[in-house]
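Dear colleague,

I am handing over the structure we spoke about, with the sequence alongside, and below it you will find my notes on what turned up. Please read them with the structure open.

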Amino acid sequence: MGSYRTAEGWKNFLHIAGDAEEMVSISAPDASDAPIAACVDGVVTTSIPAAITVYAQSGAQVRHAEAASSLSLEGLPGGIYIINVKQGGQCQALKVVK
């Protein structure tokens, strides 16, 4: 932190807090970041049972299923839908144009 205290611009700050140990790093995604759902031919499928919620473009919830491995969009009018899939600590959003 000492180098900030003498650096041009930074030396004008009275209090600089933090240290290198608190820095956040960015790493490559691991297997737990793999997609948990897909939508093919109007059917949302998940690799393992999950909560699947379908929202219309207006934000209104139009379908929901708990602990499901698939959910059909059949019968919904044409439009744009946002599908939220939650399983354990993972969450994935899909945008689907029907």
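Predicted model: local features only at pLDDT ≥ 70, side-chain atom pairs only at ≥ 80, totals over all residues.

A polar atom of the T46 side chain lies 3.3 Å from the backbone oxygen of A68, and, once neighbours within four places in sequence are left aside, the residues in contact with T46 are I36, A37, I52, A68, S69 and V85.

Q92, which is found in strand β5, is likewise a buried residue, because its relative accessibility of 16% is under the 20% limit. Its side chain reaches the backbone nitrogen of I36 at 2.7 Å, and a polar atom of that side chain also lies 2.9 Å from the backbone nitrogen of A37. With neighbours within four places in sequence again left out, Q92 is in contact with P35, I36, A37, I83, N84 and V85; I36, A37 and V85 are also found among the contacts of T46.

Turning to the nonpolar side chains, the largest nonpolar core holds 17 residues, of which V44, I52, V54, L73, I83, V85 and L94 touch the most other members. The elements that give two or more residues to this core are β2 (43-56), β3 (61-72), β4 (80-87) and β5 (90-97), and β2 gives the most, with five residues. For V44, the residues touched, not counting those up to four places away in sequence, are A38, C39, I52, S69, S70, L71, L73, I83, V85 and L94.

As for the protein chain as a whole, there are one helix and five strands, which follow the pattern α-β-β-β-β-β when read along the sequence. Of the 98 residues in the chain, 23% are buried, and among the contacts with a separation of 6 or more, 39% are between residues 24 or more positions apart. The accessible surface of the chain comes to about 7,000 Å², and carbon and sulfur atoms account for 55% of that surface.

With best wishes

Methods:
Residues numbered from 1 in each chain as written. Heavy atoms only, no water. Core = buried A, V, L, I, M, F, W, Y, C linked by side-chain atoms within 4.5 Å. Buried < 20%, exposed > 50% of the residue type's maximum accessible area, 1.4 Å probe, protein only. Helix = DSSP H or I, 4+ residues; strand = E, 2+ residues; numbered from the N terminus. Contact = heavy atoms within 4.5 Å. Polar contact = N/O pair within 3.5 Å; in protein donor to acceptor, adjacent residues only side chain to side chain. Areas by Shrake-Rupley, 256 points an atom, 1.4 Å probe, with all protein chains shown as cover.
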